[in-house]
Amino acid sequence: MTPTKIALVTGSTDGIGLTTAKALASSGYRVIVHGRDPDRVTKACANVRAAGGSFACAIPALADISTLPGCKSLAETVTTVCLAQSSHLDLLVHNAGVFVERKETVPWDNDASHTLERTFAVNVAAPFAITSLLLPVLIAGSRIIIVSSISQASAINYWEDLQFQKRPYSKYQSYAESKLFDAMLCMEIAERLKVLSITVNCLDPGTVNTKMLLAGWGACGIHVDKALDVAWVSTSSHLEGKSGLYFVGRKATKASWSAYDLNERKKLW
């Protein structure tokens, strides 16, 4: 099958990201496979090409998106791919996410004094930055998908300390807050891109035995090969033109109330 559409799936060397990339390739997408490790990206590309039946189904992209320079590097790769194909980006899937056992800080930009807690950097700042940087190659009809979670917090209670500089670090709280921020990003970006007819939706990907789930909660989910909800939200014809929605089990439902509160979203923005 000759790919006819272009998709970027961040964090697609294993887990739900790889399953999503393979499903997209089998549906006719040319998938930009993103990761940090060259060997894992190469292996993932081989799996995606096997699923899609064509070498052209997968394009490797190396970048550490825990930093702004890394996000810029990834955006440059994607833009180059689109220009080389005389095309645009049909689908942007923000799948990459981390669950950090102990607090880590990363230099977000070239100013070493500007650091972010790693969970916030990868799960929240990166989707915002990458979306912003890729706006020139997104067109009417393009879809943006942000992977949130049913583990999202109900509210943000420490706006003055999002980076856990004063309060004790909690891996569960950090992750839960990041997934609420993802839902908030979804609703805010959906509203802002409405005029361009670019849709933005988010979802809980299901309880899946990924490395993250095993590390934080143990083996209590389905096998990663069955985790196809992200691919469904990304491609379903039933969702064409629909935006600002949150899905659990392929059904639209309500995210935490903060995701719909304009004042709360303004604080994040």
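## Basis of the model

Residues are numbered from 1 along each chain as its sequence is written, and side-chain values use heavy atoms, with hydrogens and water left out. Because the model is predicted, local features need pLDDT of at least 70 and side-chain atom pairs count only at pLDDT 80 or more, whereas totals for chains, interfaces and linings use all residues.

## Overall fold

The chain contains eight helices and ten strands, taken as DSSP runs (H or I of at least four residues for helices, E of at least two for strands) and numbered from the N terminus. Its radius of gyration, taken over C-alpha atoms, is 17 Å, close to the 18 Å that the globule rule (2.2 Å times the number of residues to the power 0.38) gives for 269 residues, so the chain is as compact as a globular protein of that length.

Of the 269 residues, 54% count as buried, where buried means under 20% relative accessible area, exposed over 50%, and partly exposed in between, with a 1.4 Å probe and protein chains only. Among contacts (heavy atoms within 4.5 Å) with a separation of 6 or more, 73% are accounted for by residues 24 or more positions apart.

## Helix 4

Helix 4 covers residues 118–134, and its end C-alpha atoms are 22 Å apart, which agrees with the 24 Å that its 17 residues should span at 1.5 Å a residue; the expected span is 1.5 Å times one less than the number of residues. A kink of about 40 degrees lies at alanine 125, shortly before proline 127, the bend being the angle between axes fitted to the seven residues ending at a residue and the seven starting there. Since 14 of the 17 residues are buried, helix 4 is largely enclosed by the rest of the structure.

Asparagine 123, which belongs to helix 4, counts as buried at 1% relative accessibility. A polar atom of its side chain lies 2.9 Å from the backbone nitrogen of valine 98. Leaving aside residues up to four places away in sequence, asparagine 123 touches Ala96, Gly97, Val98, Tyr175, Ser178, Lys179 and Asp182.

Most residues other than glycine have a negative phi.

With a relative accessible area of 46%, serine 197 is partly exposed.

Definitions and conventions: Polar contact = N/O pair within 3.5 Å; in protein donor to acceptor, adjacent residues only side chain to side chain.
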